[in-house]
Amino acid sequence: MINAVDIAIVGAGHGGAQVAIMLRQQKFEGTIALIGDEPEFPYERPPLSKEYFAGDKPFERIMIRPEKFWAERDVKMMLGRHVSAIDADAHQLRFSDGETLGYGSLIWAGGGTPRMLNCPGHELEGIHAVRTRADTDAMMAKLDGIERVAIIGGGYIGLEAAAVLTKLGKSVVLLEALDRVLARVAGAELSEFYEAEHRAHGVDLRTGAVVTAISGADGKASGVVLDTGENIAADMVIVGIGIEPAVAPLITAGAEGEGGVLVDAQCRTTLADIYAIGDCAVHPNPFADGDTIRLESVQNANDQATVAAKTILGQDVSYDAVPWFWSNQYDLKLQTVGLSIGHDETIVRGNPADRSFSVIYLKAGRVIALDCVNATKDYVQGRKLIIGQCSPDPEKLADTTILLKELVD
Ligand code: FAD
């Protein structure tokens, strides 16, 4: 048993794994512990609502590195271990079984826990979240015996799950409380397009659908009740309504932060020698005009991991990576670059009816983000418009005979 390490990483997901990889790539020779409360070695989370859920990719193919990698790099894996408290002055963390571990630096990469319902019936069996391998395995184990699935939440995870389940021949109802899907992350043009696609694939997609209860029989969920009184029968209920950042031990230890933990451009929290990265880190982002935000993406977790690792090693770096994200639904590949927060104009480039187009977001004339559907060329070239803070003529942006790279000044 060890009782102290040079660097302790809490959370063995995307960000945590990347910190350990980066430290060794940078020739760090000290001791590293990678601690995670899931039993698995680090794996990719995006396939949990896509290829893995569909049965198209086995678990081995979604592992971030093969199991032996971690031993070869001398990273001590402490899996199935939950950190319940931190003593920042003593540089010590405490596990839920009471054991302790000292650290020189601590990197918190705890991600988040799925927000669940709190309406009547929320405790019934058959209500699923989609965050971990165990979550997806639990759903997959039941799929053979069921017909009707109700998905609550029209964000990316809910929509991706709807696409997979439809392909598997299930009857799917998707319920979104707001007046359009993807309302928090994308413009109305993109929402409209995806709503039409899902309906064309047979999903009963309803917006403005407010869930008031889960109905049940014999302790099991059997339907979703709306504020209109309608009871939609379902054999399985999937909830995709966001996450709560997993930061309780840090906040209890005195770190600043609301809706996550606050970090600076080097991923330092307000506590000495404690860093935070990924889904739980509220950080200043140059692509949000310097505002502090929280991002939930693989890009953000990996790039912040790099910044934290290099900062610990004494290198002069700041987090300034361009945000990007993707989503696969049916045969549609969405690629997003930049942040559309605060946009005041949108331009549709191409025709959504062709199932290949981009939505370009402008703020005071400047290109700040693109959502590209089956339009990888726009995604690659549009990125340059964002980095270059370009303000091209909107008519030219909409003209598909002009390449976006021609508009970079
Ligand atoms: P995570 O990868 O969630 O890792 C955090 C880990 O820390 C977890 O294992 C957690 O159990 C553990 N942990 C938390 N608290 C403790 C504790 N106290 N003690 C020990 N361990 C702890 N992003 C994209 O860019 N593209 C996509 O297409 C995409 N699709 C997604 C689909 C799904 C179904 C999900 C769930 C996410 C998706 N994301 C996608 C988001 C992306 O997976 C996350 O942004 C990314 O995993 C964040 O990495 P992280 O290291 O911050 O957190």
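Helices (H or I, at least four residues) and strands (E, at least two) are DSSP runs, numbered from the N terminus. The model shown in these views is predicted.

**View 1. Aspartate 74 sits in the loop between α3 and β3.** Helix α3 covers 67-72 and strand β3 covers 75-79. The phi of aspartate 74 is near 55°. That is a positive value in a residue other than glycine. Is aspartate 74 buried or exposed? Aspartate 74 has a relative accessible area of 56%, and exposed means over 50%, so aspartate 74 is exposed.

**View 2. Five strands make an open sheet with parallel pairing.** The strand order is β8-β15-β9-β10-β11. β8 (127-128) and β11 (204-206) are the edge strands. Each of these two pairs on one side only. β8 and β15 (residues 236-239) run parallel and are joined by two bridges. Within this pair, isoleucine 127 stands opposite valine 237 of β15.

**View 3. An open sheet of three strands shows mixed pairing.** The order here is β17-β19-β20. β19 (residues 281-284) and β20 run antiparallel, with two bridges between them. Proline 284 stands opposite threonine 292 in β20.

**View 4. β21 and β22 form a hairpin with two residues between the strands.** β21 takes in residues 324-329 and β22 residues 332-338. Six bridges pair the two strands in the antiparallel sense. Asparagine 328 faces lysine 333 of β22 across the pair, the two standing opposite each other. In this hairpin, tyrosine 330 takes a positive phi near 55°.

**View 5. Alanine 364 lies in the loop between β24 and β25.** Its phi is near 50°. The value is positive, in a residue other than glycine. How exposed is alanine 364? The relative accessible area of alanine 364 is 69%. The cut-off for exposed is over 50%, so alanine 364 counts as exposed.

**View 6. Helix α9 packs its buried residues against strands and a helix.** α9 has twelve residues. From first C-alpha to last, α9 reaches 17 Å. That is close to the 16 Å expected at 1.5 Å a residue. Which residues of α9 are buried? They are Asp378, Tyr379, Gln381, Gly382, Leu385 and Ile386. An α-helix has 3.6 residues a turn, so residues three or four places apart point the same way. The packing partners of the buried residues of α9 are β21, β22, β23 (345-349), β24 (357-363), β25 and α10 (394-398). Glutamine 389 follows α9, and its phi is positive, near 50°.

**View 7. The second largest pocket has a volume of about 240 Å³.** Sixteen residues line this pocket. Which of them are closest to its centre? Pro286, Phe287, Ala288, Asp289 and Arg366 are. The elements giving two or more residues to the lining are β25 (366-373) and α9 (376-387). β25 gives the most, with three residues. By type, the lining divides into ten nonpolar, two polar and four charged residues.

Methods
Residues numbered from 1 in each chain as written. Predicted model: local features only at pLDDT ≥ 70, side-chain atom pairs only at ≥ 80, totals over all residues. Heavy atoms only, no water. Pairing = 2+ DSSP bridges. 1 Å grid on protein atoms, 1.4 Å probe; cavity = no way out; pocket = protein on both sides within 12 Å on 5 of 7 lines; lining within 4 Å. Points joined across faces, edges and corners; volume = space filled by probe spheres on them. Nonpolar A, V, L, I, M, F, W, Y, C, P; charged D, E, K, R; others polar. Expected span 1.5 Å × (residues − 1). Buried < 20%, exposed > 50% of the residue type's maximum accessible area, 1.4 Å probe, protein only. Contact = heavy atoms within 4.5 Å.
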